[in-house]
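Take a look at the chain below. This report walks through a few of its strands and side-chain pairs.

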Amino acid sequence: MAEQAVPRPVDLPSDLRHFIDGKPASSVDGATFPVADPVTNEVYGRVAAGDAADIDLAVAAAKRAFTDGPWPRLTARERAKILNKIADGIEVRAERLAELETFDTGLPITQARGQAHRAAENFRYFADVIVALHEEAYIVGDKQVNYAIRQPAGVAGLITPWNTPFMLETWKLAPSLASGCTVILKPAEWSPLSASLLPEIMAEAGVPDGVFNLVHGIGEQAGAALVAHPDVPRISFTGESGTGQIIMRTSAENLKEVSMELGGKSPCVVFADADFDRAVDAAVFGVFSLNGERCTASSRVLVQREIYDRFVEALAARAAAVKVGMPADADTEVGALIHPEHYARVLEYVEIGKREARLVAGGDRPAHLTSGNFLQPTVFADVRPDARIFQEEIFGPVVGVTPFDTEEEAIELANATKYGLAGYVWTKDLQRGHRVARAVQSGMVWINSHNVRDLRTPFGGIKASGVGQEGGVHSIDFYSDVRAIHVAVGDLHTPQFGKQG
């Protein structure tokens, strides 16, 4: 198959600007940076390069909207109506969002369409949550009533990653806005395109000026300024663990609350009694969907020795059959990796893997795609626990398979990295499934399932995979301050210090 021309979306924006206090804005110093699509790696536009001055303007607008505007003081029902209108705006633009996201990230179009639907559902879900929230009261005999109130924390800084960008932006926007916060969104510099539709969606839904602000820029400049700003009491970040450490150190200066979902190296543990075909399906989907660029990817497959050779053979055959192609092609299962820098990093890990383990599938560019950031899904077998491809997050369509003999060894291998985001266990013995799930050091574990998540459940990692939990009421708690109020309703005895006689 020869190289294909990549059609650009109609009316593709070529000048992506900030959105501050209800208006588009260029950077204060006029700086921009280029952004390219991952199939041709050709620049399609320029993006405003925000820095501390632009963050200052956005924070000032968000702070005014919080202290003087109506948003934090709306009833839950009033905010919920606007959140549902935001969801309506996303759904109306679902095909456009998928088109832009596919062009900008290399994500296959069928998977991008699913992300658009989930983005709308994020807003609908949190609209329901805030209406149904209740506050707690405590009766202390007939003398006192104590009650707790939840109030929005203030200005929230939201820093989002380049993989599935729009969905992950809404994952943070929906609960922060639902809670009554005003926000500054800093999208990833490699995939800023779909965020360009948010200002129009917010305006149509009736979000007041200054409540939603968008500042583009490089993480070390715009992101760092947002984290350091003293008037931003909440920082929610999704990204790699090294950046998370920097954010924690910076946030400590102002004692900010942070919620961070960081890297992962998630194990998929397959016991000999597992439903073999379903476990293979889950292992293939778990690491190759979203181009392998997902934090919860099951990138370490641990297989009991009785079925190890058969499983490796099946996994390799499936990887070789995965359709790698143009992201806009509805038949494509793996598209182009996001950026030449990331592509080079993944290829470096492939070369490391060739020295550390046995390559059984992939490992190179597909023959029919002679340019662009494409990689055939790659499988390594006999991966030792001290291998770099076992220990380090690759964030691409690359998986390592390791054998184990006993349940105890499986748990030891599952926990043998610094990460602890997700885990997957496949067995027909549900008692063993529960035991292993409890023993695996991960924030989330699925038994006999791939990554199917209910929005009500907590999402987050432990160890180097994150700090805090989001999802459901956990998100509302993060973007809120809970305060206790104590009311005397009877005659309480107070010791009379200093009273004479």
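Strand β4 pairs with β5 (residues 43-48) in the antiparallel sense, over 5 bridges. The model is a predicted one. Within this pairing, proline 34 has arginine 46 of β5 as its bridge partner. The two strands belong to an open sheet of 3 strands, in the order β1-β5-β4, with mixed pairing. β1 (15-16) and β4 (32-36) stand at the edges with a single partner strand each, so one side of each has no neighbour in the sheet.

Threonine 182 is in strand β9 (residues 182-186). Is threonine 182 buried or exposed? Its relative accessibility is 0%, so threonine 182 counts as buried. Beyond its neighbours within four places in sequence, threonine 182 is in contact with several residues, including Ala62, Phe66, Val155 and Gly210.

Alanine 488 lies in strand β21 (residues 480-488). Valine 145 is 343 residues away along the chain, yet its C-alpha atom is 6.5 Å from that of alanine 488. Apart from neighbours within four places in sequence, alanine 488 is in contact with Lys143 and Gln144.

Now the aromatic rings. A pair of aromatic rings is described by the distance of the centres and the angle of the planes. How many aromatic pairs does a search of the whole structure find? It finds 10.

Phenylalanine 276 is buried, at 13% relative accessibility. Phenylalanine 311 is buried too, at 0%.

Tyrosine 424 lies in strand β18 (residues 422-426) and tryptophan 446 in strand β19 (residues 444-447), so their pair ties together parts 22 residues apart in sequence. Tyrosine 424 is buried, with a relative accessible area of 5%. Tryptophan 446 is buried as well, at 10%.

Ring pairs also link Trp162, Trp190 and Phe395 into a cluster.

Finally, charges over rings. The charged end of arginine 234 sits over the ring of phenylalanine 478, 5.9 Å from the ring centre. Arginine 300 lies over the face of phenylalanine 390, at 4.7 Å from the ring centre.

Conventions: Residues are numbered from 1 along each chain as its sequence is written. This is a predicted model: local features need pLDDT of at least 70, side-chain atom pairs count only at pLDDT 80 or more; totals for chains, interfaces and linings use all residues. Side-chain values use heavy atoms; hydrogens and water are left out. Two strands pair if DSSP finds at least two bridges between them. Helices (H or I, at least four residues) and strands (E, at least two) are DSSP runs, numbered from the N terminus. Contact means heavy atoms within 4.5 Å. Buried means under 20% relative accessible area, exposed over 50%, partly exposed in between (1.4 Å probe, protein chains only). Rings of Phe, Tyr and Trp (its six-membered ring) pair if their centres lie within 6.5 Å; planes under 30 degrees apart count as stacked, over 60 as edge-to-face and the rest as tilted. A charge sits over a ring if NZ of Lys or CZ of Arg is within 6 Å of the ring centre and within 35 degrees of the ring normal.
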